[in-house]
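Open the model in your viewer and keep the selection tool at hand. The tour goes stop by stop.

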Amino acid sequence: MKNKQNPHAGVLYIVATPIGNLGDITQRALDTFTQVDLIAAEDTRHSGLLLSHYGIKKPFFALHDHNEQQRSAVLVEKLQQGQHIALISDAGTPLISDPGFHLVRECRQVGIQIVPIPGACAAITALCASGIASDRFCFEGFLPAKNKARCDKLRHLENEPRTLIFYESTHRILDTLNDMAEIFGKDRYVVMARELTKTWETIHDDELSQLITWLGEESNRIKGEIVLVVEGKPESTEESFSPQALQLLQALSLELPLKKAAGLVADCFNYKKNALYQYGLDHLK
Ligand code: SAM
């Protein structure tokens, strides 16, 4: 698809790179690096080593969190002039707790074509090995470093029913887990995925209080890069039924078998039959 406003404009490629194991680069990523004119990267020295590992040499352009807004304008100008550019981050998928959002937004606003080249992302890699519900999840990235702000954020998430995914650093992991245990409850189930795709990859699951104890037993267990996958708060079936539905269930269950009554009410109010039947068994008999 050509840019309608400027058919000579270049393309911005958003290219994921490995999160540890260099074997996780994709063929499309390597082809893209070879084809583009310029690579925008967070740490040009780090990314230079990555590319030289694959035998590719390209000019770099530094794009960090703290200079992204000003530097994006320069990149947009280069794209408008017809240069093809790949955006990468130090590891994983750009924009995911990494720079790139402002650049992509500006490119969209001026009609520059953006092509994503998917690949590794630590959050998704951890989630898919966690055994915690993966049908609905929310990615929270890094929690605030300051204690009060972190606790405020956790309180805000306390009742979130979806699986929660956090990035965390080695030096804050114990504080974060202790805050979570206090706010989410000691028995909230969590998976700590450390050093994914690397030699010391460890994926450990436990209740928050047990995980804190386990980490305290051996300092090596805290080292490296960490993703936390936290089970969402179990949804309370009682809370989710309206008073009208429960009143009807009670009335019908005096005249009909509970299963039949629960089925009728579930159809009327669009609830799950089994959940309503279970409520009836627990509360009406
Ligand atoms: N954009 C990256 C992605 O797609 O996952 C994330 C960049 S963010 C600046 C870095 C954080 O991601 C680390 O502090 C850690 O929480 C997580 N992370 C990155 N690589 C990891 C790995 N191999 N194992 C576990 N966590 C990792």
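Select Asn270 first. Asn270 sits in the loop between helix H11 (258–269) and helix H12 (273–283). Helices here are DSSP runs of H or I with at least four residues, strands are runs of E with at least two, and both are numbered from the N terminus. This is a predicted model, in which local features need pLDDT of at least 70, side-chain atom pairs count only at pLDDT 80 or more, and totals for chains, interfaces and linings use all residues. Residues are numbered from 1 along each chain as its sequence is written, and side-chain values use heavy atoms, with hydrogens and water left out.

Check the backbone of Asn270. Its phi is positive, about 60 degrees, although Asn270 is not a glycine. Is Asn270 buried or exposed? Asn270 counts as exposed, at 71% relative accessibility. The classes are buried under 20% relative accessible area, exposed over 50%, and partly exposed in between, with a 1.4 Å probe and protein chains only.

Next, select Thr197. Look in the loop between strand E8 (189–194) and strand E9 (202–207). Thr197 is not a glycine either, yet has a positive phi of about 70 degrees. Thr197 is partly exposed, at 21% relative accessible area.

Move to Gly55, in the loop between helix H2 (44–53) and strand E3 (60–62). Gly55 is exposed, with a relative accessible area of 66%. Gly55 and Leu30 are 25 residues apart in sequence, and their C-alpha atoms are 9.8 Å apart.

Now go to the ligand. Which residues come nearest? Of the 19 residues around the ligand, they are Ile96, Asp98, Ala122, Tyr167 and Ile226. By class, the shell has eleven nonpolar, three polar and five charged residues. Nonpolar covers Ala, Val, Leu, Ile, Met, Phe, Trp, Tyr, Cys and Pro; charged covers Asp, Glu, Lys and Arg; the others, Gly among them, are polar.

- Ala122: a backbone N or O atom lies 2.8 Å from a ligand oxygen.
- Tyr167: a side-chain N or O atom is 2.6 Å from a ligand oxygen.
- Ile226: a polar backbone atom is 2.6 Å from a ligand oxygen.

Finally, color strand E7 (163–168) and strand E10 (226–230). These are the elements that give two or more residues to the shell around the ligand.

Technical notes:
Near = heavy atom within 4 Å. Polar contact = N/O pair within 3.5 Å; in protein donor to acceptor, adjacent residues only side chain to side chain.
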